[in-house]
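Trainee: I am new to this structure and would like to go through it with you. Could we take it step by step?

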Amino acid sequence: HWLMVGLTPMFGMMMAACTMGKLGSPTNLITGHIVTLSALGTKVCLRSGLTASDRQKVCMSSLVIACTFFGAGIGAAACYLSADKAEGLLLPVPPSLAVLLWCYDHTARP
């Protein structure tokens, strides 16, 4: 249970570097996507209509939020199924981040 306490400073440094823009990588927060959906939802309620770009933003933000919850569900299921043995549960994280950052570099920065 105390392993996460030791790992949290690493995640804090990663979040600080991402939010300050030093690494040029996206943050792993969904706050911006929730704000986007809220703003566009307000736009729809005011009957302003959505442009094609707005519809793409809705699709992307919805997909990011859904995938975040899906990943959280997988993590919760892994913790539940492993009962009291947590060794190795974080092993898929580094390769996943490497693949995601590689994909981000090749799609967002041509």
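**Surface and overall build**

Mentor: The accessible surface of the protein comes to about 8700 Å², and 73% of that belongs to carbon and sulfur atoms. Please keep in mind that this is a predicted model.

Trainee: How many helices and strands does the protein have?

Mentor: There are four helices and zero strands. Read from the N terminus, the order of elements is α-α-α-α.

Trainee: What share of the residues counts as buried?

Mentor: Of the 110 residues in the protein, 8% count as buried.

Trainee: And among contacts between residues at least 6 apart in sequence, what share joins residues at least 24 apart?

Mentor: That share is 45%.

Trainee: Let us turn to charges. How many salt bridges are there?

Mentor: The count comes to one salt bridge. The partners are Lys43 and Asp54, whose side chains meet at 2.7 Å, N to O.

Trainee: Which parts does the pair tie together?

Mentor: Lys43 lies in helix α2, residues 31-45, and Asp54 in helix α3, residues 52-81, so the pair links parts that are 11 residues apart in sequence.

Trainee: Is Asp54 buried or exposed?

Mentor: Asp54 is buried, because its relative accessible area is 7%, and the cut-off for buried is under 20%.

Trainee: What does Asp54 touch, leaving out residues up to four places away in sequence?

Mentor: Asp54 touches Leu40, Lys43 and Gly49. With Lys43, the side chain of Asp54 also makes a polar contact of 2.7 Å.

Trainee: Staying in helix α3, what about Ser61? Is Ser61 buried or exposed?

Mentor: Ser61 lies in helix α3 and counts as buried, at 4% relative accessibility.

Trainee: Which residues is Ser61 in contact with, apart from its neighbours within four places in sequence?

Mentor: Those residues are His33, Thr36 and Leu37. Another residue to look at here is Val35, which lies in helix α2. The C-alpha atoms of Val35 and Ser61 are separated by 9.3 Å, and the two residues are 26 apart along the chain.

Trainee: Is Val35 buried or exposed?

Mentor: Val35 counts as exposed, with a relative accessibility of 52%.

Trainee: A change of topic: cysteines. How many disulfides does the count come to?

Mentor: The count comes to zero disulfides. As for individual cysteines, Cys45 is exposed, with a relative accessible area of 63%, while Cys67 is partly exposed, with 46%.

Trainee: What about the loops? Where does Arg47 lie?

Mentor: Arg47 lies in the loop between α2 and α3. Its phi is near 60 degrees, a positive value in a residue other than glycine.

Trainee: Why point that out?

Mentor: Because most residues other than glycine have a negative phi.

Trainee: Is Arg47 buried or exposed?

Mentor: Arg47 counts as exposed, at 75% relative accessibility.

Trainee: And which residue should I look at in the loop between α3 and α4?

Mentor: Leu89 lies in that loop. Leu89 is partly exposed, with a relative accessible area of 31%.

Trainee: Which residues does Leu89 touch, not counting those up to four places away in sequence?

Mentor: Leu89 touches Ala78, Cys79 and Ser82. From C-alpha to C-alpha, Leu89 and Ala78 are 7.4 Å apart in space, and they are 11 residues apart in sequence.

Trainee: One last topic, the surface. Which residues form a nonpolar patch there?

Mentor: The patch is formed by Leu90, Val93, Leu97 and Leu100. Together these residues have about 330 Å² of accessible area.

Trainee: Where is Leu100 found, and is Leu100 buried or exposed?

Mentor: Leu100 is found in helix α4, residues 93-108. It counts as exposed, because its relative accessibility is 56% and the cut-off for exposed is over 50%.

Notes
Residues numbered from 1 in each chain as written. Predicted model: local features only at pLDDT ≥ 70, side-chain atom pairs only at ≥ 80, totals over all residues. Heavy atoms only, no water. Patch = residues over 30% accessible without salt bridge, like charges linked within 9 Å, V, L, I, M, F, W, Y side chains within 5 Å. Areas by Shrake-Rupley, 256 points an atom, 1.4 Å probe, with all protein chains shown as cover. Salt bridge = Lys/Arg side-chain N within 4 Å of Asp/Glu carboxyl O. Helix = DSSP H or I, 4+ residues; strand = E, 2+ residues; numbered from the N terminus. Buried < 20%, exposed > 50% of the residue type's maximum accessible area, 1.4 Å probe, protein only. Disulfide = S-S within 2.5 Å. Polar contact = N/O pair within 3.5 Å; in protein donor to acceptor, adjacent residues only side chain to side chain. Contact = heavy atoms within 4.5 Å.
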